[in-house]
Amino acid sequence: MSQSSKVDQTYPITASPQTRPVEDLEAVECCPSCGNTDRTALYGGLTDGRFCVPGRWVLHRCLGCESAYLDPWPTPDAIGRAYRSYHTHEPLGETAPARGVAGRFKRALRNDYLNARYKFDMHPAASWGRYAVTFLPSIRLRYDRMARHLPLGGRGAGLLDVGCGNGAFVRDATSWGWNAEGLDPDPNAAAFGQQFGLRILTGGLQQTSYPDKLFAAVTMDHSIEHLHAPAAALCEVYRILKPGGMIWVATPNLSSIGHDWFRAAWVWLGATAAPGPVHTRGPDFCSSRRRVREDRADARRVPRPLVFCRQLSSSKGSKPAGI
Ligand SMILES: [Zn+2]
């Protein structure tokens with residue numbers, strides 16, 4: 001880690017949100033992903049137009065790993081208040097049945113594609129759905145994203161969804177054959193899923209006490225960018241994954257076409273950075289993974305994660321990429 005700091009003063013710390021109590025905020029000394037102190041101001045005066053979270057925020061970009069992060073950012077105790085209207089924290093509705101002949105037909109095609117590609121066992125399934133969907137790229141991408149690109153290793157394989165919100169994915173994954181459970185720091189969001197009998201714990205990864213090597217897969221759908229200590233979280237994920245287990249992560253991609261085009265108005269800055277969460281990553285979370293390697297003597301066994309960049313990338317494409 002570099003010891004010299006080249007903090008850009010274009011947007012000094014006085015540009016912090018005026019409508020948040022100062023005790024809710026704390027200064028950030030270094031990049032939360034790689035620990036580098038060199039950075040440049042990316043945007044000042046960011047506001048959240050999607051979830052109407054108050055405040056104006058300053059987003060910096062690390063010159064070491066190109067991750068971006070807020071400074072100041074909400075303290076761990078205060079960050080939950082930024083998510084009161086977050087989209088995953090709405091009541092969980094009943095699973096919608098397929099409507100009409102066309103709806104049942106589409107669902108049968110989808111089921112056969114997912115059964116063939118991800119080893120699910122969903123019914124009813126049209127036996128040629130796998131071929132039809134293969135030639136429909138936009139639909140195939142949507143179904144792949146829905147399954148989070150994770151093949152079911154065996155019926156009842158353990159899956160943990162970190163930052164599961166109301167547990168919608170936990171419910172879906174359970175129906176596909178996973179022995180799925182969730183974890184979310186917000187007890188109100190977790191309660192929605194618990195009402196449906198889903199197994200959801202409240203708290204953070206470091207506060208829970210999952211046994212070693214418990215899960216075949218861990219997913220983090222737009223949750224890693226909200227963590228104050230992403231590298232420590234990945235270490236914990238590694239501890240609870242079985243050998244050969246998979247981690248699937250989705251996070252905003254600052255190298256995406258969307259960000260290139262919209263810059264400060266990019267919706268994923270509004271939804272993930274400006275509300276007061278913590279930081280949004282660059283092309284991937286390589287830097288956090290490197291820290292996992294450095295922090296653990298046996299870190300060469302860190303499983304190769306799947307990274308799904310939610311936005312089209314101008315440099316890497318939109319497919320999942322191993323890092
Ligand atoms: Zn960094």
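These legends describe close-up views of a predicted model. Local features require pLDDT of at least 70 and side-chain atom pairs count only at pLDDT 80 or more, while totals for chains, interfaces and linings use all residues. Residues are numbered from 1 along each chain as its sequence is written.

**View A. The largest nonpolar core.** This core has 47 residues, and Leu159, Phe215, Ala217, Val218 and Val237 have the most contacts inside it. Elements that each supply at least two residues include helix H1 (100-118), strand S6 (158-162), helix H6 (230-240) and strand S10 (241-251). H6 gives the largest share, 7 residues. A nonpolar core is a set of buried Ala, Val, Leu, Ile, Met, Phe, Trp, Tyr and Cys residues joined through C-beta atoms within 7 Å; buried means 20 or more other C-beta atoms within 10 Å of the residue's own, with C-beta atoms placed from the backbone. Helices (H or I, at least four residues) and strands (E, at least two) are DSSP runs, numbered from the N terminus.

**View B. The buried face of H5.** Ala189, Ala190, Phe192 and Gly193 are buried in H5. Down the helix axis, the buried residues fall within an arc of 150°, so they line one face of H5; the arc is that of the directions from the axis to the C-beta atoms. Their cover includes H4, S7 and strand S8 (200-202).

**View C. Surroundings of cysteine 164.** Cysteine 164 lies in the loop between S6 and H4 and is buried, with 29 other C-beta atoms within 10 Å. Leaving out residues up to four places away in sequence, cysteine 164 touches Phe169, Val170, Gly182, Leu183, Asp184, Gly193 and Ile200 (contact: C-beta atoms, placed from the backbone, within 7 Å).

Notes
A residue is buried if 20 or more other C-beta atoms lie within 10 Å of its own, exposed if 12 or fewer, and partly exposed in between; C-beta atoms are placed from the backbone. Two residues are in contact if their C-beta atoms, placed from the backbone, lie within 7 Å.
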